[in-house]
Amino acid sequence: MNDRGNCRENPCPDEPGGGPWDEDPLEQELRQAAAVLDPVPDHLLQLAVDAYALHDLDARIAELTFDSLVDALPVRGATDTPRMLTFQAGELTVDVEVTGDGLTGQVLPPQPARIEVLGGPQPGTSLTADELGRFLTGTPPAGPFALRLHTGGEVVVTEWLRA
């Protein structure tokens, strides 16, 4: 029995080397089988590593609250409509329109901001939002993207999405 008096025959899970799951042979076998029979493609593994490397510990995450692909009602006869996205982190809102020409957006409440369009391991495209919070890029994101906003003294990062 340990000093907590509750783990008689098996080691306590929170003690070093404790718990039956530390060296589970079935789990090890399943991991090895998955690695052989259905390995993770190298490009996906690299994307995962790169996305983790871009992780901002001090940044607040802006949650996607509206996506026109999911939330909007379809309009009859409309083709090639822009994708509208709204992200929110506390009182800060970011509205973004994604088109074939690029991104157009606004930070609300209106304020200047430095914005990076993240798209992988390479440095993001830098933008500046004007005093009304408006920003514009000339090229659409290729593949998954996120926005990192520097407003005042805080950093906000949006969820990652596919363009």
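Modeller: A residue is termed buried at under 20% relative accessible area, exposed at over 50%, and partly exposed in between, with a 1.4 Å probe and protein chains only. Buried residues make up 28% of the 163 residues in this chain. The model is predicted, so local features need pLDDT of at least 70 and side-chain atom pairs count only at pLDDT 80 or more, while totals for chains, interfaces and linings use all residues. Residues are numbered from 1 along each chain as its sequence is written, and side-chain values use heavy atoms, with hydrogens and water left out.

Biologist: How many helices and strands does the chain have?

Modeller: There are three helices and 10 strands. Helices (H or I, at least four residues) and strands (E, at least two) are DSSP runs, numbered from the N terminus. Along the sequence the pattern reads α-α-β-α-β-β-β-β-β-β-β-β-β.

Biologist: What makes strand S1 and strand S9 a pair?

Modeller: Two strands pair if DSSP finds at least two bridges between them. S1 (residues 60–67) and S9 (residues 154–158) have three bridges, in the parallel sense, and Ile61 stands opposite Val157 in S9. S1 also pairs with S2 (residues 83–89), over four bridges in the antiparallel sense; here Asp67 stands opposite Leu85.

Biologist: Why is the contact of Glu154 with Arg60 called a salt bridge?

Modeller: A salt bridge is a side-chain nitrogen of Lys or Arg within 4 Å of a carboxyl oxygen of Asp or Glu. The N to O distance for Glu154 and Arg60 is 3.0 Å, and the pair is therefore a salt bridge. Glu154 lies in S9 and Arg60 in S1, so the pair ties together parts that are 94 residues apart in sequence.

Biologist: Are Arg83 and Asp67, which meet in a salt bridge, buried or exposed?

Modeller: Arg83 has a relative accessible area of 13% and is therefore buried. Asp67, at 6%, is buried as well. Their side chains meet at 2.5 Å, N to O, and the pair links S2 with S1, 16 residues apart.

Biologist: Why does Arg114 count as partly exposed, and what is the state of Glu116?

Modeller: The relative accessibility of Arg114 is 42%, which lies between the two limits, so Arg114 is partly exposed. Glu116 is at 13% and is therefore buried. Glu116 and Arg114 form a salt bridge with the closest N and O atoms 4.0 Å apart. Salt bridges that share partners join Arg114, Glu116 and Arg148 into one network.

Biologist: Which residues touch the most other members of the largest nonpolar core?

Modeller: A nonpolar core is a set of buried Ala, Val, Leu, Ile, Met, Phe, Trp, Tyr and Cys residues joined through side-chain atoms within 4.5 Å. Of the 21 residues in the largest one, Val96, Ile115, Phe135 and Leu147 touch the most other members. The largest share, four residues, comes from S3. Contact means heavy atoms within 4.5 Å; leaving aside neighbours within four places in sequence, Leu147 is in contact with residues including Val94, Leu103 and Val156.

Biologist: Why is Leu45 called partly exposed?

Modeller: Leu45 has a relative accessible area of 48%, so Leu45 falls in the partly exposed class. Leu45 is found in helix H2 (residues 42–53).

Biologist: Where is the cis peptide bond?

Modeller: The cis bond joins Leu108 and Pro109, with omega about 0 degrees. Pro109 lies in the loop between S4 and S5.
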